Amino acid sequence: MLPAVVPQSDPHPYADLDRALRGAYAVATGGVSPLAMMQTWTDWALHMARAPGRQLELAEHAGKNAAKLMGFAARTVSGTAPEPPFAPKAYDHRFTDPGWKKPPFCLWQQSFLATQDWWDHATEGLRGLHPQDSDRARFLVRQMLDMASPSNFPATNPEIIDETVRTSGRNLLEGLSHVAEDVLRTVTQTRAPPPDGYKIGTDLACTPGKVVYRNDICELLQYSPQTDRVQAEPVLIVPAWIMKYYILDLSPKNSLINYLVGQGFTVFAISWCNPSAAQRDLSLEDYRLRGVMAAIDAINAIVPGQKIHANGYCLGGTILAIAAATMARDSDDRLASVTLMAAQLDFSEAGELLLFLDESQVAFLEDMMWAQGYLDRPQMARAFASIRAEDLIWTRAVRRYFLGQDDLPSDIGVWNADTTRMPALMHSEYLRGLFLENRLSAGRFAVEGRVIVLKDIDVPLFVIATESDHIAPWKSVYKTRLFTDADLTFVLTKGGHNGGILSEPGHPGRHYRIGHRAPDDLYVDPDTWFSRTSRTEGSWWPQWIDWLAMHSSDKTDPPRMAAPDKGFPVLGAAPGSYVLER
């Protein structure tokens, strides 16, 4: 069974004092363990110290980079406009302004990129060095380099200089007002209200429906039919509870829920609560039993006699897979199919989020949650932002504080700022049982005292991964093929963790790859699958609709809204009350 955050008994009489001090320290450091960082640098430095050959290689590399820089500088001074020897990474947009091509800015840019290139080589794997420490050292260096980038300083950024001249310094005054505003909101822990045109329930999360069930952990929304006939089997959406559910019901044009309803499906969606300190003891089992299973029970009462197409997104997909495996173990056949969107079942290659997780780091987070009762919104937001710090932190800071520009409002931007808290017990179980110990795919995850196995899931699976996902890397999601035997359709779509899922028909520049694995097919590794599978332009949504229809029985009249005679009355209009909790 998964361990609790606080042991039942502790043989050390002053353990709570230590935890309280570490918790306060964790709040001050934003939840990052200094000991874990020190261990990383020590491990890297000691292994580098005993590798003179690698040191010689790096010295040669530094000499080559210096020679390239000097040659570039000489040709630039002579006015020949040479080709820069170093290029920014594909995701780095800090140097797109034309001013970076002119001296002296091009020299500062190239010096920075040369330094970045050298450190990329210096933090590559060393024999004997733990791969996680190598990756973490590279991550930490990247954070420091991003902080020192010439794009961050008014005197070395041509875009800031040009804007200051053009506006006679008004951009800097606007930037100061933004600094004051952000500092005030940080100190008071308040959030800016949604901009005009982005009100929840009116502009966002506005697909018509009703709240048909509520407990202390979630609300269940049933959406009003938009067609005269619907597929007999309803669809249940299980979102992640690390963010609000309406990522799948943003503006009407890119709402997956609205699209499903418009295509003739009866759709239900879970809206999770935003837990408080009083709910610190909510567990993964609570989210399974009083979330997923309670929703299935309610749907069975409202749409009796029909199996359910269950869809889980991100962490919601993980808990759905746990629920589906448990149902299979217990001979519960109420599911017609399972769809997993950017959801991981194996966490051995869980992307850059693993850089934050080892025993020291998890214990540090547990102490902070022990003091607070939850993992707070800013602490999670910082972790996600640091993965792409050059864009999500520094480029935004330059734009907001030095160029004086407001953040452009967007539906996904409003949702991204509308984060939730994580209850202490659940988050500890999640980090330890799934991330650190990888129990689910290893067949060591117990539910109600008995181990569950993913291979027991025998309903059709539709699994979606996204090409540039840094939270659930597509090759990690692809591993679903390793740990399941059911009929499986795998889709790899263009975009990131959110953008690839929000890939509505008509969205420009979208493409996907789709393949099918029959239950008796041999395993194909992800690189081979990618090379063999042709790319299709457009949205994957219609493919999913066709797949759901293929695994449905027939069309029928829309079911009633709620079931008051069975204890499921209408409790209010969608999107409900939990989505509004801050």
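Let's start with one unit of this predicted model: E6, helix H10 (residues 315-329) and E7 together form a β-α-β unit that is right-handed.

**Strand E6 and its neighbours**

The two strands of this opening unit also pair with each other: strand E6 (residues 308-313) and strand E7 (residues 335-341) are parallel and share 6 bridges. Ala 310 is opposite Val 338 in E7, and Tyr 313 is opposite Met 341 in E7.

E6 also runs parallel to E4, to which 4 bridges join it. Here Leu 236 has Ala 310 in E6 as its bridge partner.

Is E6 mostly covered or mostly open? It is mostly covered, with 6 of its 6 residues buried. On one side are Ile 308, Ala 310 and Gly 312, on the other His 309, Asn 311 and Tyr 313, and all of them are buried.

**Strand E5, another enclosed strand**

Strand E5 (residues 267-272) has 6 of its 6 residues buried, so the rest of the structure largely encloses it. Val 267, Ala 269 and Ser 271 point one way from E5, while Phe 268, Ile 270 and Trp 272 point the other way.

E5 pairs in the antiparallel sense with strand E2 (residues 218-223), over 5 bridges. Within this pairing, Phe 268 in E5 is the bridge partner of Gln 222. With strand E4 (residues 235-238), E5 pairs in the parallel sense over 3 bridges, and Ile 237 stands opposite Ala 269 in E5. Between E4 and E5 the chain passes through helix H8 (residues 256-262), making a right-handed β-α-β crossover.

Here are the pairings met so far:

| Strands | Sense | Bridges |
|---|---|---|
| E6 and E7 | parallel | 6 bridges |
| E4 and E6 | parallel | 4 bridges |
| E2 and E5 | antiparallel | 5 bridges |
| E4 and E5 | parallel | 3 bridges |

**The whole sheet**

Now for the wider view. These strands belong to an open sheet of 11 strands with mixed pairing, in the order E15-E14-E13-E12-E7-E6-E4-E5-E2-E1-E17. At the edges stand strand E15 (536-537) and strand E17 (572-573); each has a single partner strand, so one side of each lacks a neighbour in the sheet.

Helix H9 (residues 284-302) packs on this sheet, touching strand E1 (209-214), E2, E4, E5, E6 and E7. The direction of H9 makes about 150 degrees with that of E5. Helix H20 (residues 541-550) lies across E6, E7, strand E12 (461-466), strand E13 (488-493) and strand E14 (511-517), and runs at about 165 degrees to E7.

**A pair of helices**

Finally, look at helix H11 (residues 359-372) and helix H15 (residues 424-436). Their axes are 9 Å apart, and the helices pack at an angle of about 170 degrees. That makes the two, H11 and H15, roughly antiparallel.

Which residues make the contact? H11 contributes Glu 359, Val 362, Ala 363, Leu 365, Glu 366 and Met 369, and H15 contributes Ala 424, His 427, Ser 428, Leu 431, Arg 432 and Leu 436. The residues of this contact of H11 with H15 comprise 7 nonpolar, 2 polar and 3 charged.

Technical notes
Residues numbered from 1 in each chain as written. Predicted model: local features only at pLDDT ≥ 70, side-chain atom pairs only at ≥ 80, totals over all residues. Heavy atoms only, no water. Buried < 20%, exposed > 50% of the residue type's maximum accessible area, 1.4 Å probe, protein only. Pairing = 2+ DSSP bridges. Right-handed = clockwise from strand over helix to strand, strands pointing away. Axes fitted to C-alpha atoms, helices over the stretch in contact; angles between N-to-C directions. Parallel < 35°, antiparallel > 145°, perpendicular 65-115°, else oblique. Contact = heavy atoms within 4.5 Å. Nonpolar A, V, L, I, M, F, W, Y, C, P; charged D, E, K, R; others polar.
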